[in-house]
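Subject: Structure handover

Hi,

Here is the structure I promised to pass on. Please open it first, then read my notes below with it on screen.

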Amino acid sequence: MQFIVLLTIAVAALCYVWAENPEDYTKANSVYDFTVEDIKGNNVSLDKYKGNVLIIVNVASNCGLTEKNYEQLNTLYDKYEDKGLRILAFPCNQFLQQEPGTNEEIAEFAANHNVTFDMFSKIDVNGDDAHPLYKFLKYKQPGTTPGNSSVEWNFAKFIVDKEGQVVERHIPKKDPLELIPSIEKYL
């Protein structure tokens with residue numbers, strides 16, 4: 001009897017760990033299978049976003065695209081938050097070191113740009129150390145260059161539907177306001 005209890009606890013623990021971040025991102029069912037760290041260092045299960053349309057975007061403070069993207073992402077969030085849009089911004093320093101600050105400095109920068117959407121801890125989006133969420137996003141929407149699913153630059157945008165499925169990927173130079181038809185389609 002004690003063995004069965006221990007076995008049940010072990011299986012439950014393994015399921016819990018897998019639910020945080022699947023070791024094999026190709027076996028994840030949706031973005032809801034992942035856990036990320038917010039800008040303050042707290043773990044956040046993405047299942048908290050169930051039923052919402054998501055824009056997941058890698059951001060940088062010192063990029064030529066920063067001002068326009070932050071302004072337009074704020075506009076989108078203000079317009080569609082009440083209808084179920086959530087924006088998840090992931091700072092990344094992989095593109096010419098354009099996000100060199102600490103999480104605290106990034107949070108201050110975002111606050112100075114009136115950001116009210118969700119900011120997360122700095123991560124890698126490409127390479128072996130890429131966050132499993134980004135490996136999953138690129139696996140589901142590999143991009144336009146055959147054989148290369150890498151995120152091209154700061155402000156690449158992934159759209160996730162209400163079921164947690166990655167339904168669109170947009171290049172960094174696409175302005176957030178150009179996503180309105182897609183957002184309205186999935187809302």
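The largest nonpolar core has 26 residues. Val31, Ile56, Phe90, Leu133, Tyr134 and Leu137 have the most contacts inside this core. Strands S3, S4 and S6 and helix H4 each supply at least two of its residues. H4 gives the largest share, four residues. Keep in mind throughout that this is a predicted model.

Click on Phe90 next. Leaving aside neighbours within four places in sequence, Phe90 is in contact with Val36, Ile56, Val57, Asn58, Val59, Phe120, Ser121, Ile123, Leu133 and Tyr134.

**The chain as a whole**

The chain has five helices and seven strands. From the N terminus, the order is α-β-β-β-α-β-α-β-α-β-β-α. There are 187 residues, and buried ones make up 46% of them. The accessible surface is about 9,800 Å². Carbon and sulfur atoms account for 51% of that surface.

**Helix H2**

H2 covers residues 66–80. You can check its length yourself. It has 15 residues, and at 1.5 Å a residue it should span 21 Å. The C-alpha atoms at its ends are 21 Å apart, so the two values agree.

Which residues of H2 are buried? They are Thr66, Asn69, Tyr70, Gln72, Leu73, Asn74, Leu76, Tyr77 and Tyr80. To read that list, recall how a helix turns. An α-helix has 3.6 residues a turn, so residues three or four places apart point the same way.

What covers the buried residues of H2? The cover includes strands S3 (53–59), S4 (85–91), S5 (118–119) and S6 (157–160). It also includes helices H3 (103–112) and H5 (180–186).

**Salt bridges**

A bit of background first. Side chains of opposite charge can pair when their charged atoms come close. A search of the whole structure finds four salt bridges. I describe some of them here.

One joins Asp24 and Lys27, at 3.7 Å from N to O. Asp24 is partly exposed, with a relative accessible area of 31%. Lys27 is exposed, at 56%.

Another joins Arg169 and Glu152, whose closest N and O atoms are 3.6 Å apart. This pair links distant parts of the chain. Arg169 is in strand S7 (residues 166–170). Glu152 is in the loop between helix H4 (132–140) and S6. The two are 17 residues apart. Is Arg169 buried or exposed? Arg169 has 14% relative accessibility, and the limit for buried is under 20%, so Arg169 counts as buried. Glu152 is partly exposed, at 35%.

A further bridge joins Glu168 and Lys185, at 3.6 Å from N to O. Glu168 lies in strand S7 and Lys185 in helix H5, so the pair ties together parts that are 17 residues apart in sequence. Glu168 is buried, with a relative accessible area of 11%. Lys185 has 57% relative accessibility, and exposed means over 50%, so Lys185 counts as exposed.

Asn52 is in the loop between strand S2 (43–45) and S3. Asn52 is buried, with a relative accessible area of 13%. What does Asn52 touch, not counting residues up to four places away in sequence? The list is Tyr32, Gly84, Arg86, Val160, Asp161 and Lys162.

Asn43 is in strand S2. Asn43 is exposed, with a relative accessible area of 60%. Leaving aside neighbours within four places in sequence, Asn43 is in contact with Thr35, Val36 and Glu37. Asn43 and Ser121 are 78 residues apart in sequence. In space, the two are 9.9 Å apart, C-alpha to C-alpha.

Best wishes

Definitions and conventions
Residues numbered from 1 in each chain as written. Predicted model: local features only at pLDDT ≥ 70, side-chain atom pairs only at ≥ 80, totals over all residues. Heavy atoms only, no water. Expected span 1.5 Å × (residues − 1). Buried < 20%, exposed > 50% of the residue type's maximum accessible area, 1.4 Å probe, protein only. Contact = heavy atoms within 4.5 Å. Salt bridge = Lys/Arg side-chain N within 4 Å of Asp/Glu carboxyl O. Core = buried A, V, L, I, M, F, W, Y, C linked by side-chain atoms within 4.5 Å. Areas by Shrake-Rupley, 256 points an atom, 1.4 Å probe, with all protein chains shown as cover.
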